[in-house]
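I opened a new page for this chain and wrote down what I looked up, in order. The sequence and the structure come before the entries.

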Amino acid sequence: MAFSIESVESQTTQISNIFIDEYMPKAHPPYVLVYLYAYCHISNGDTSLTNRSIAEALDLLESDVIKSWKYWKKQGLIKLSEDGNIHFLTVQSKKNPIKQQEQQSMYHKTDSTSPQYTPEEILTISKNSPTAKKLFSLAEYYLGRTLQYEDMTTILGFNEWLQLSLEVIKLLFSYCTETKHYHLNYIEKVAISWANDGITTPERASEYIKLHQSGYKQIMRALGQSGRMITPVEEEYVRVWTSEYHFSIEMILIACEKAILQTGGSGKTFKYVHSILKNWYEKKIHTPEEVEIADKNFQASKENKKVEPKTEQKKIYKNTTVKQNRFVNYEQRQWDFEELERLARERLKKS
């Protein structure tokens with residue numbers, strides 16, 4: 001296990017006021033003790049810290065220390081790697097709605113700098129970490145060359161810093177090299193983009209690849225605009241639909257068809273598609289079957305509205321009473337018109 005922190009000032013322990021005001025009051029007291037104790041020792045250069053030593057110093061169970069790290073990870077104050085290493089992150093205020101949304105999201109935001117390793121550390125990691133061995137072997141296979149020290153540092157960051165799994169990193173290398181991008185700087189930019197957009201599972205990565213390989217063309221074709229490239233603004237719309245609303249290409253194409261029917265392919269088609277998908281997202285509609293059910297329910301409600309006014313009008317007519325005033329101040333009679341007709345016929349016969 002290893003600990004690290006973004007900024008260290010020797011012999012001092014600077015605790016953010018944001019931590020004290022926003023995070024500490026809501027946390028379980030042992031979690032606060034673990035955070036402060038570890039932060040203090042790491043700030044002062046103690047590299048021998050372990051979960052066991054923290055537990056012994058604070059008279060806690062080691063399991064409580066582990067629970068503390070999981071809690072602070074959810075709060076966005078630390079990064080916990082697969083190897084158990086802990087990295088303290090900059091404390092961000094939850095009062096800022098943008099930062100709060102980032103902290104509450106299920107994926108990693110690159111709000112810290114990528115880790116740097118010495119050649120000796122890289123050598124030790126490559127010998128002792130099975131994950132690192134697989135990463136380096138995977139990268140060499142797709143890049144078609146032997147990795148240098150700088151390459152290994154960058155590739156380790158995909159897993160340690162961006163928290164992408166081996167399966168996702170494999171799809172990352174496959175996608176980039178298939179499009180003839182072999183430079184690690186480019187691949188790292190794509191990796192950062194994936195991490196920021198929540199593409200951290202093989203399923204999401206596969207959907208992203210499908211979107212960029214054929215999805216944009218399908219969308220433009222569905223909107224009757226296959227003759228041009230998608231614009232950056234339109235691409236941002238698609239990013240929201242896939243990364244934030246988590247819609248598949250199939251659902252986006254269904255929304256495109258509906259938008260065309262309503263707008264006739266006007267310049268506001270993308271905005272109309274967005275309104276449809278936003279409505280589905282808010283109503284938790286995520287499959288074609290759910291769309292069909294929602295459409296049937298909407299059509300049924302329209303039919304009911306056509307019938308209801310006539311029924312209500314009859315009720316109003318039947319139950320309406322004439323307002324009493326000086327012109328109409330007698331009791332209203334309920335006339336039986338069929339009986340009146342019968343009486344009229346009898347009078348005619350007698351006459």
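**Ground rules.** I noted that this is a predicted model, in which local features need pLDDT of at least 70, side-chain atom pairs count only at pLDDT 80 or more, and totals for chains, interfaces and linings use all residues. Residues are numbered from 1 along each chain as its sequence is written, and side-chain values use heavy atoms, with hydrogens and water left out.

**Whole chain.** I looked up the secondary structure and found 16 helices and three strands. Helices (H or I, at least four residues) and strands (E, at least two) are DSSP runs, numbered from the N terminus. I then checked burial: of the 351 residues in the protein chain, 34% are buried. Buried means under 20% relative accessible area, exposed over 50%, and partly exposed in between (1.4 Å probe, protein chains only).

I also looked up the accessible surface, which comes to about 22,700 Å², with 53% of this belonging to carbon and sulfur atoms. These areas come from the Shrake-Rupley method with a 1.4 Å probe, and for residues only the protein chains shown count as cover. For contacts (heavy atoms within 4.5 Å), I took the pairs of residues at least 6 apart in sequence; 65% of these contacts join residues at least 24 apart.

Which residues other than glycine have a positive phi near 60°? I listed D59 and H246. I wrote a reminder that most residues other than glycine have a negative phi. D59 sits in the loop between α3 (51–58) and α4 (62–74), and it counts as exposed because its relative accessibility is 70%. H246 belongs to the loop between α12 (232–244) and α13 (249–263). With 44% relative accessibility, H246 is partly exposed.

I looked at one more loop residue, T287, placed between α14 (269–282) and α15 (288–319). T287 has 28% relative accessibility and so counts as partly exposed.

**Salt bridges.** How many salt bridges are there? I got eight, taking a salt bridge as a side-chain nitrogen of Lys or Arg within 4 Å of a carboxyl oxygen of Asp or Glu.

The entry for R145 pairs it with D151, with 2.7 Å between the closest N and O atoms. R145 is partly exposed at 36% relative accessible area, whereas D151 is buried at 11%.

I next looked up D295 and K258, whose side chains form a salt bridge at 2.7 Å, N to O. D295 is in helix α15 and K258 in helix α13, so this pair ties together parts that are 37 residues apart in sequence. D295, at 35% relative accessibility, is partly exposed, and K258, at 26%, is partly exposed.

E292 and K296 form another salt bridge, at 3.6 Å from N to O. Why are they about one helical turn apart? I noted that E292 and K296 are four residues apart in helix α15. E292 is partly exposed, at 45% relative accessible area, and K296 is exposed, at 56%.

My last entry is a network: D197, E236, R239 and E244 are joined by salt bridges that share partners.
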